[in-house]
Amino acid sequence: MVWNIGPIKVDGPVVLGPMSGYTSRGYRDFMKPFGVAVSVTEMTSAVGIKNADFKTVDYVSFDRNYPTGLQLFGHSAEDISEAATKALASNPNIDFFDINMGCPVHKILRSGAGSVLMKDPELCERIVSMVKENTGLPVTAKIRLGSDRNHMNYMDVIEHLQSAGVDAITVHARTKDQGYSGYPDFEEVRDLRDRMDVPLIISGNIYSLDNAIDAMDITGADAVMVARGGVGNPFLVTQIDEYYRSGERLPNPTVHQQIEWCIQLADMLIDEKGEECAVRKLRSIAPKFVSGCHRCREYRLRLATETDDRQSMVGILEEIDARMGLEQINTDGRRTYYNI
Ligand SMILES: Cc1cc2nc3c(=O)[nH]c(=O)nc-3n(C[C@H](O)[C@H](O)[C@H](O)COP(=O)(O)O)c2cc1C
């Protein structure tokens, strides 16, 4: 149960996945009490940090209340290690650095960063080695299986990362070409942990406790990464954490609990970003809190389109609560959508 990122003792099987546009400080702080053992910031440009006036760089500021890594993307070992050193000087609360070697987004690939790095395992090794040497902090990396089904070089990359002294590796079990759709191929990485010298965090389609158990069992991973599956379903983290502590399968939450958590997240994001910006973001997050329950399609639509401020959002949420607060969220982790 307890595993390590270098000298950091991690007490729990759930890592909160970095998600650009979602996993800001407010979101991470909201998710933590549900049982997140480690979290990672959304990816941050190494070149951006190098050139930044720190007063304007919010990504790198957070408190030390639980292990949090700053994720960096870039294409040169020099840029990334310089950015890491500068970020650490600005925020001594950074516990470790995570290097993005898996992003499939065009804009990032064009700049030679993200999953492009996997084409050059020596470069991956150099990046980890330089960041470790220059910051003295643990360094993790997040990779995919490879570029496509015919170029799955994850093992070569893992070996180079280990030579550099990487402290843990997240494997998102999809290829770059799959983007975020299609099924992760956990069979490809069956028993991968046995072939590795450092902790493995496994990622891909973790929407339910059973998804997490399967991914961990098949690969032998030390931890599982909750990403999209936790958006609007924070209790998934608790269900996974509790299962690995006690073997107990906790029931899904009620609509009432979901509504309470949604309002709590809204307030934390409003605190962080201001009401206008937070409510804009919440239009895509709040509907996910009321999916998987009976007759809530209309409410999801209203949450996405009729929320101009906190008051209007909370008004809709309270209406939902009054109508079906006691209802349990559908037990199918994939969330069946009922027709009204
Ligand atoms: C909107 C979005 C943004 C993401 N941003 C990042 C990121 O900044 N850095 C990163 O390493 N992975 C990022 N990911 C990948 C996730 O961390 C995770 O590995 C991936 O979504 C697979 O897990 P899932 O299928 O359970 O969501 C992102 C994924 C999504 C959907």
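**Domain contact in context**

A: Start with contacts along the protein chain. Of those with a separation of 6 or more, 69% join residues 24 or more positions apart. A contact here means two C-beta atoms, placed from the backbone, within 7 Å. The model is predicted: local features need pLDDT of at least 70, side-chain atom pairs count only at pLDDT 80 or more, and totals for chains, interfaces and linings use all residues. Numbering runs from 1 along each chain as its sequence is written.

Now the parts. Domain 1 covers 9–246, and domain 2 covers 255–324. These bounds come from an automatic or database domain assignment. Over C-alpha atoms, the two domain centres are 29 Å apart.

Here is the contact itself. Domain 1 brings nine residues, and domain 2 brings twelve. The domain 1 side holds four nonpolar, three polar and two charged residues. Nonpolar means Ala, Val, Leu, Ile, Met, Phe, Trp, Tyr, Cys or Pro; charged means Asp, Glu, Lys or Arg; the others, Gly among them, are polar.

Step back to the whole chain. Twelve helices and eleven strands make up its count. These are DSSP runs: H or I of at least four residues for helices, E of at least two for strands. The C-alpha trace spans about 60 × 45 × 35 Å along its principal axes. Of the 340 residues, 49% are buried, with 20 or more other C-beta atoms, placed from the backbone, within 10 Å of their own.

Notes
A residue is buried if 20 or more other C-beta atoms lie within 10 Å of its own, exposed if 12 or fewer, and partly exposed in between; C-beta atoms are placed from the backbone.
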